[in-house]
Amino acid sequence: MSITPVAQAAVNRRRLQSLDALRGFVMVIMLLDHVRENWYLYMNVPDPVNPVTVEPVMFFIRIVTNLCAPVFVALTGLGAYLYSQNHTRAETAAYLVKRGLLLMAIDVTLLTFAWTVKLPMTFWLQVIWAIGACMIALAALIYLPKKLLLALGLLIVAGHNLLDGVRLLPGEPGFVAWALLHQRDMIALPFGAFARTSYPVLPWIGVIVLGYLLGSWYERDQSSAADSGRRVRRLLALGFGMLAAFVVLRALNVYGDKPWVAGDSALHTMMGFIALTKYPPSLLFLLQTLGVGVILLALFERWEGHPWLNALAVFGGAPMFFYILHIYVLRALYHVAFMIWGPTHGVSFGLDNVNWLWLWYAVLLPVLYVPTAWYSRLKARRRDIAWLKYF
């Protein structure tokens, strides 16, 4: 049965809401992680998911918020595919390059300044930098045939852990390139500054490529209710398949991440089983997080129209605006608290009780919703302002 143009447009809007809602969901849980970082700097450890050194409540907050980067990178690729449905390949590539360069510039300027206010600077090349670099890489890769692109994405995601043993030292040939691609390290810059490659980009390129290819499930000719139901079933099968692959590979304990060992209790054994490497993201880390993300994408499409899903879509409609806003609000609050009470834990101001984390989160979420909703509406209403689409 054919559907009218009006009904078709309504289906398209609902379908796209699930993507914005998933973006919004990762923004909302990311706020929780950054509240944790802001008020508990004194509790920072080299590995935030080490079951031996990290309190269970902080461990599981980190596990949940591990969804953010993989899901957002994959959705960036999916969004690029949707953009390509209404633009030529050259226009899509140009958009990816321009937005990628903008994101990289934002990370090393606005976001570095928010986190580091002392000289010489350390430029933290974090998730926004990585997304920008991945977009630039995708701009070149979209010219490949889709089957070759799929093979390349799977090879990167599944095979990059074979490179874990390759370690280069500063000064060795290729060190800078390898630190940017796969080895988390410090790169010396002029005038005593450093760049910290927090998010080596090679595995993330694989993620954005696979997200781009997932966009083919959302093409314009797959917008009917029957298509939506079929897509939901395919997403659920893919998501649960990824989680099953994670469990099997993790139980075998032979590839895909650092080995796990049984703890001194059932809780610590479970924590060790799900504690995975994020920098760079291991195969098992990506199977776990993207598997959950794909399942959520299916459920959000199934639950379209719920008011709480509409609220999540508001955050997802202006993710870059929300990201910058919440970082500056958190850092401003921290510096005000430091000026009033001074260092309460070593050289840092920090809160003692984890219940403060939940209180601050509950307060900040609705406070930040208001300007984000305003900007999201502005972005949707003023499509004539070209630069708005980059935020």
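A search of the whole structure finds 19 aromatic pairs, a pair being two rings of Phe, Tyr or Trp (its six-membered ring) with centres within 6.5 Å, stacked if the planes are under 30 degrees apart, edge-to-face if over 60 and tilted otherwise. Tyr199 and Trp204 form a tilted pair, at 5.9 Å centre to centre and 35 degrees between the planes. The structure is a predicted model, in which local features need pLDDT of at least 70 and side-chain atom pairs count only at pLDDT 80 or more, whereas totals for chains, interfaces and linings use all residues. Residues are numbered from 1 along each chain as its sequence is written, and side-chain values use heavy atoms, with hydrogens and water left out.

Tyr199 counts as buried because its relative accessibility is 9%, where buried means under 20% relative accessible area, exposed over 50% and partly exposed in between (1.4 Å probe, protein chains only). Trp204 is also buried, at 1%. One aromatic cluster is formed by Trp39, Tyr334, Phe338, Trp341, Phe349 and Trp360.

Trp204 is one of the buried residues of H8; helices are DSSP runs of H or I of at least four residues, numbered from the N terminus. H8 is mostly covered, with 12 of its 13 residues buried. The 13 residues of H8 should span 18 Å at 1.5 Å a residue, and the end C-alpha atoms are 19 Å apart, which agrees; the expected span is 1.5 Å times one less than the number of residues. The buried residues of H9 include Asp227, Arg231, Met242 and Arg250. Just after H9, Asn253 takes a positive phi of about 65 degrees.

The second largest pocket holds about 510 Å³ of space. On a 1 Å grid over the protein atoms alone, a pocket is an open set of points with protein on both sides within 12 Å along at least five of seven lines, a cavity is a set where a 1.4 Å probe fits but cannot get out, and lining residues have an atom within 4 Å of a point. Grid points are joined across faces, edges and corners, and a volume is the space filled by probe spheres set on the points. The pocket is lined by 24 residues, of which Leu210, Leu238, Met242, Leu290 and Val294 are the closest to its centre. Two or more lining residues come from each of H3 (68-84), H6 (146-159), H8 (202-214), H9 (225-252) and H11 (283-302), and H11 gives the most, with 7 residues. The lining divides into 22 nonpolar, 2 polar and no charged residues, with Ala, Val, Leu, Ile, Met, Phe, Trp, Tyr, Cys and Pro counted as nonpolar, Asp, Glu, Lys and Arg as charged, and the others, Gly among them, as polar.

The count of cavities of 30 Å³ or more comes to 1. The largest cavity holds about 40 Å³ and is lined by Trp217, Gln222, Asp227, Arg230, Arg231 and Arg234. This lining divides into 1 nonpolar, 1 polar and 4 charged residues. Arg234 lies over the face of Trp217, at 4.1 Å from the ring centre, a charge being over a ring if NZ of Lys or CZ of Arg is within 6 Å of the ring centre and within 35 degrees of the ring normal. Arg231 lies over the face of Tyr218, at 4.6 Å from the ring centre.
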